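Today I am opening a new notebook page on a protein model.

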Amino acid sequence: MTRIESHRDLIVWQKAMDLAEETYRLTSAFPHSEVYRLVGQMTRAVASVPANIAEGNARGTKKDYAYFLAVAKGSLMETRPFLC
């Protein structure tokens, strides 16, 4: 088993970054009228997923880590309806 040195070693963080990059790519083609509406909401939500995973991983307790993972999951669920 590989030792986790940082959040960058976590597969879930890597996949969250892939999702964020793909969401930014997709939303760049949205109409300009959606920049401050749907695009803004989607990109803020999807960017917070890997950010919360990283912050939780950096915290000192399992309780804090679990809290930030729950926040990341909430942001992921906020993004999901727009991408499916």
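First, a term I need: a nonpolar core is a set of buried Ala, Val, Leu, Ile, Met, Phe, Trp, Tyr and Cys residues joined through side-chain atoms within 4.5 Å. Buried means under 20% relative accessible area, exposed means over 50%, and partly exposed lies in between (1.4 Å probe, protein chains only).

A note on the source: this is a predicted model, where local features need pLDDT of at least 70 and side-chain atom pairs count only at pLDDT 80 or more, while totals for chains, interfaces and linings use all residues. Residues are numbered from 1 along each chain as its sequence is written, and side-chain values use heavy atoms, with hydrogens and water left out.

**Entry 1: the overall picture**

I looked up the secondary structure and found three helices and zero strands. Along the sequence the pattern reads α-α-α. Helices (H or I, at least four residues) and strands (E, at least two) are DSSP runs, numbered from the N terminus. I also noted the box that the C-alpha atoms fill, roughly 45 × 20 × 20 Å along the principal axes. Of the 84 residues, 27% are buried.

Next I checked contacts, meaning heavy atoms within 4.5 Å. Among the contacts with a separation of 6 or more, 55% join residues 24 or more positions apart.

**Entry 2: the core**

Which residues make up the largest nonpolar core? I wrote down seven: Leu 10, Trp 13, Ala 16, Val 49, Ile 53, Ala 54 and Ala 72. Both α1 (11–27) and α2 (35–58) supply at least two residues of this core. The largest share, three residues, comes from α2. I followed up on Ala 54, which touches His 7 and Trp 13, leaving aside residues up to four places away in sequence.

**Entry 3: two helices side by side**

Two packed helices are described by the angle between their axes and the distance between the axes. Axes are lines fitted to C-alpha atoms, for helices over the stretch in contact, and angles run from 0 to 180 degrees between N-to-C directions. For α1 and α2 I noted an angle of about 165°, with the axes 9 Å apart.

Which residues make the contact? From α1 I listed several, including Val 12, Trp 13, Ala 16 and Thr 27, and from α2 others, including Val 39, Met 42, Ile 53 and Ala 54. By class, the contact has 15 nonpolar, three polar and no charged residues. Here Ala, Val, Leu, Ile, Met, Phe, Trp, Tyr, Cys and Pro count as nonpolar, Asp, Glu, Lys and Arg as charged, and the others, Gly among them, as polar.

Is Thr 27 buried or exposed? Thr 27, in helix α1, is buried, with a relative accessible area of 5%. Thr 27 touches Val 39, Met 42 and Thr 43, again not counting residues up to four places away in sequence. I also checked Thr 27 against Gly 40: 13 residues apart in sequence, 9.2 Å apart from C-alpha to C-alpha.

Ile 11 is also in helix α1, but at 56% relative accessibility Ile 11 counts as exposed. From Ile 11 to Glu 22, eleven residues along the chain, the C-alpha atoms are separated by 16 Å.

Last, I looked at Asn 52 in helix α2. Asn 52 is buried because its relative accessible area is 12%. Asn 52 touches Phe 68, Val 71 and Ala 72, not counting residues up to four places away in sequence.
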